Amino acid sequence: MGQSSNADDSLACSFCHKAQGAVGKLISSPSDYPRAYICDECIAVCAAIVEDDRVDSPAAAAAVDDDGVHPWVDHPAASELMEAVADWIQREALGQAASEDLARVRAVALRMLEAQRAEQT
């Protein structure tokens, strides 16, 4: 007798290749050909990339001082940011859901950016 298999067992994100069971949600493309899937974690990463592109690049370039040192190096929340990044990378490397970790990275970075902007005004 042949093995019975469920078609959903083999579904995976077309970007990170995590199986459907390893992610929160797996969204299918609207067309049947070529069928593609994207998980909620990859959507969060894409949204972060799009949001980052909205930041003014001249302001980002001006953030580095004449010595090439970024002002966040000495920021009180720098270690918190690095810890959040490390947690996010570790979860990603283990193939675990990491969208909450990415959200934490973004929240700390945005808080630091807002503080920097407040100092400049």
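This is a predicted model: local features need pLDDT of at least 70, side-chain atom pairs count only at pLDDT 80 or more; totals for chains, interfaces and linings use all residues.
Residues are numbered from 1 along each chain as its sequence is written, and side-chain values use heavy atoms, with hydrogens and water left out.

The side chain of arginine 104 meets that of glutamate 83 in a salt bridge, at 3.4 Å from N to O. A salt bridge here is a side-chain nitrogen of Lys or Arg within 4 Å of a carboxyl oxygen of Asp or Glu. This pair links distant parts of the chain, 21 residues apart: glutamate 83 belongs to helix H3 (residues 78–93) and arginine 104 to helix H4 (residues 99–120). Helices (H or I, at least four residues) and strands (E, at least two) are DSSP runs, numbered from the N terminus. Glutamate 83 is partly exposed, at 46% relative accessibility.

A salt bridge also joins arginine 104 to aspartate 87, with 2.8 Å between the closest N and O atoms. Here again distant parts of the chain are linked, with aspartate 87 in helix H3 and arginine 104 in helix H4, 17 residues apart. Aspartate 87 has a relative accessibility of 25% and counts as partly exposed.

Across the whole structure, the search finds 5 salt bridges. One of them is formed by the side chains of lysine 18 and glutamate 41, at 2.6 Å from N to O. Lysine 18 lies in the segment before strand E1 (26–28) and glutamate 41 in helix H1 (residues 40–53), so the pair ties together parts that are 23 residues apart in sequence. Lysine 18 and glutamate 41 are both buried.

The structure contains 0 disulfides, a disulfide being a pair of cysteine sulfur atoms within 2.5 Å. For cysteine 16, the closest cysteine sulfur is that of cysteine 42; the separation of 3.7 Å is too far for a bond. Cysteine 16 is partly exposed, its relative accessible area being 27%.

Cysteine 46 is likewise in no disulfide, and its nearest cysteine sulfur, belonging to cysteine 42, is 6.5 Å away. With a relative accessible area of 35%, cysteine 46 is partly exposed.

## Histidine 17

Most residues other than glycine have a negative phi. Histidine 17, although not a glycine, has a positive phi of about 65°. This residue is placed in the segment before E1. Histidine 17 counts as exposed, at 60% relative accessibility.

## Glycine 95

Glycine 95 is located in the loop between H3 and H4. Its relative accessibility is 26%, and glycine 95 therefore counts as partly exposed.

With neighbours within four places in sequence left aside, glycine 95 is in contact with Lys18 and Ala22; contact means heavy atoms within 4.5 Å. Glycine 95 and valine 23 are 72 residues apart in sequence, and their C-alpha atoms are 8.8 Å apart in space. Lys18, a contact of glycine 95, is also the lysine that meets glutamate 41 in a salt bridge.

Notes. Buried means under 20% relative accessible area, exposed over 50%, partly exposed in between (1.4 Å probe, protein chains only).
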